[in-house]
Amino acid sequence: MNLSKRYPKIDVLYTLGILLVLFGHSHSSDWNTFEGTILQSAIEFVYTFHMPLFFFIAGYLFINSKSIERIGYGKWIKEKSIKLLTPYFILSIVALIPKYYVEYHAFVKIDYIIKTIFNPRAGVWGHFWFIPVLLLCYAMFGVWKVFVTETNKYLMIFIVTVLSIIGYFIPVSIQWLGIKDLLNSCIFFCVGMIVKTLDLKKRRVPAVIKFGIGIIISITIFQNVPKNKSSLLIIALIMIYSCWQLAGKIGKSKFALWISMHNFTIYIYSWPFQAIMMAICDKIQMKWYVTSFLMFVIGLFGPICLIYIYEKFDRIHNRAFDLILGVK
């Protein structure tokens, strides 16, 4: 791999995003055990921007990609679908029956299976909603990009951004096929495209100060302004900007590079490890702060060990295992 073609900022953003996801999922299944604590406030704050950050990254990398022009839209979206949906369906199928039996003490009913397939947030792994929604985002913007040229790029980005803003504020509550999440996420995909296209490099104020100011403003809005679509959008955009500034300050990092290269694997396999740890901690009634710490640690190092073991056994490497494990 030619590392010179990578974006160090994006590697850091992926790392920040993954760590935020792990933190957001590191808590007991019973929110009453930590209600009113700093953990609850921190998780609720992180939830306002950690997934928008991933859509921002996707848009940033998408706008200058030549894959569609090189292999065609059909083959491109087919490859995206196979890569994203293979681990999504495999892990969901493996956990479907055990999860249903634990929750309902019965065999799986057909209506539950249908709901699991067509309503991403109601799936076996609820946080996997991101995967089909990202795929839908790629499918839509991929069609859009077919009509983008160097002469009309700015106009096309402007049009799709305006449409995404309108979509964000449309009062839609449809969870089926991830429609609501798609409408809420496209705007951040567009912001990523805008940042990459404009390539802003002004640095009159140190990045650390910008990051600190962004954090302060975001927390102030989160604590003192009613949580509605507008305030949540503002917080998400400010925090994406803050993370962007922090990423620029950190620069190249071997740790960030490694995490970035394996971000999808860590994302999809963190929750199985965390779910097991959560069940153990809940069973023995562990203190909320111990549960949170242990879930975060196992959520990070569980997938890392899985990746390390797989990389050591060259003989079992094949496309099927690569897809199931989310290997790039």
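Cysteine 281 is a buried residue, with 1% relative accessibility. Its sulfur lies 17 Å from the closest cysteine sulfur, that of cysteine 305, which is too far for a bond. Cysteine 186 is buried as well, at a relative accessible area of 6%. For cysteine 186 the closest cysteine sulfur belongs to cysteine 137, at 4.1 Å, and this too is too far for a bond. A disulfide is a covalent bond between two cysteine sulfur atoms. The cut-off used here is 2.5 Å between the sulfurs, and the count of disulfides comes to zero.

These distances come from a predicted model, and the confidence of the prediction should be kept in view. The mean pLDDT of the protein is 89, and 95% of the residues reach at least 70. Among the elements, helix α3 (residues 50–63) has the highest mean pLDDT, 96, while helix α6 (residues 110–118) has the lowest, 77.

The largest nonpolar core holds 86 residues. Leu13, Phe62, Tyr138, Phe141, Trp144, Met193 and Tyr267 have the most contacts inside this core. Apart from neighbours within four places in sequence, methionine 193 is in contact with Gly59, Tyr60, Phe62, Ile63, Phe141, Trp144 and Val160.

The charged side chains are the last topic. Side chains of opposite charge can pair when their charged atoms come close. How many salt bridges does a search of the whole structure find? The search finds two. In one, arginine 121 pairs with aspartate 181, with the closest N and O atoms 2.9 Å apart. Arginine 121 is partly exposed, at 41% relative accessibility, whereas aspartate 181 is buried, at 7%.

Lysine 153 forms a salt bridge with glutamate 150, and here the closest N and O atoms are 3.7 Å apart. Lysine 153 is buried, with a relative accessible area of 13%, but glutamate 150 is exposed, at 58%.

Lysine 145, in helix α7 (residues 130–146), is buried yet has no salt bridge. Why is there no salt bridge to glutamate 69? Glutamate 69 is the nearest side chain of opposite charge, but it is 4.3 Å away, and a salt bridge has to be within 4 Å. Leaving out neighbours within four places in sequence, lysine 145 is in contact with Phe62, Ile63, Asn64, Ser65, Ile68 and Glu69.

Note on methods. Residues numbered from 1 in each chain as written. Predicted model: local features only at pLDDT ≥ 70, side-chain atom pairs only at ≥ 80, totals over all residues. Heavy atoms only, no water. Core = buried A, V, L, I, M, F, W, Y, C linked by side-chain atoms within 4.5 Å. Buried < 20%, exposed > 50% of the residue type's maximum accessible area, 1.4 Å probe, protein only. Contact = heavy atoms within 4.5 Å. pLDDT = per-residue confidence, 0-100. Helix = DSSP H or I, 4+ residues; strand = E, 2+ residues; numbered from the N terminus. Lys, Arg positive; Asp, Glu negative; His and termini not counted.
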